[in-house]
Amino acid sequence: MSPPMDDKPERHITVYVCTNLRVSGSSCAGHKSKAILRALERRADERVVEGHALVHVRPSVCMGYCGDGPNVKIIGGDFFHRVKMDDLDTILDAAEHLIAAKDPA
Ligand code: FES
């Protein structure tokens, strides 16, 4: 007999960090977006609830706002420009609020 299936799909949301580097001109990678990506991944890992990551952080190709990088996009939510290390918790809070709004407990 197989164990009962959890009928509630895992709730999570994806946050993309542009890590594109342009040869000429301004780009997110040129504004240290890879450091933002790594720090955001670590911070999201610290917020894992009951073994499930609520926020999945992924690298992204160019988002078309190269002069305003680093750029971070919450899928289905806010778009952040000129992101700094001080903004990481604000981004994760916004993502988690979006999850809660979509699927209130
Ligand atoms: S390089 Fe990041 S938006 Fe274009």
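Tutor: What covers the buried residues of α1 includes β1, β2 and α2; here contact requires C-beta atoms, placed from the backbone, within 7 Å. Helices (H or I, at least four residues) and strands (E, at least two) are DSSP runs, numbered from the N terminus. The model is predicted: local features need pLDDT of at least 70, side-chain atom pairs count only at pLDDT 80 or more, and totals for chains, interfaces and linings use all residues. Residues are numbered from 1 along each chain as its sequence is written.

Student: Which residues in α1 are called buried?

Tutor: A residue is buried if 20 or more other C-beta atoms lie within 10 Å of its own, exposed if 12 or fewer, and partly exposed in between. In α1, S33, I36, L37, L40 and A44 are buried.

Student: Why are they said to line one face of the helix?

Tutor: The arc is taken from the directions from the helix axis to the C-beta atoms. Down the axis of α1, the buried residues fall within an arc of 100 degrees, so they line one face. The face turned away from that buried side carries the exposed residues R42, D45 and E46.

Technical notes. Contact = placed C-beta atoms within 7 Å.
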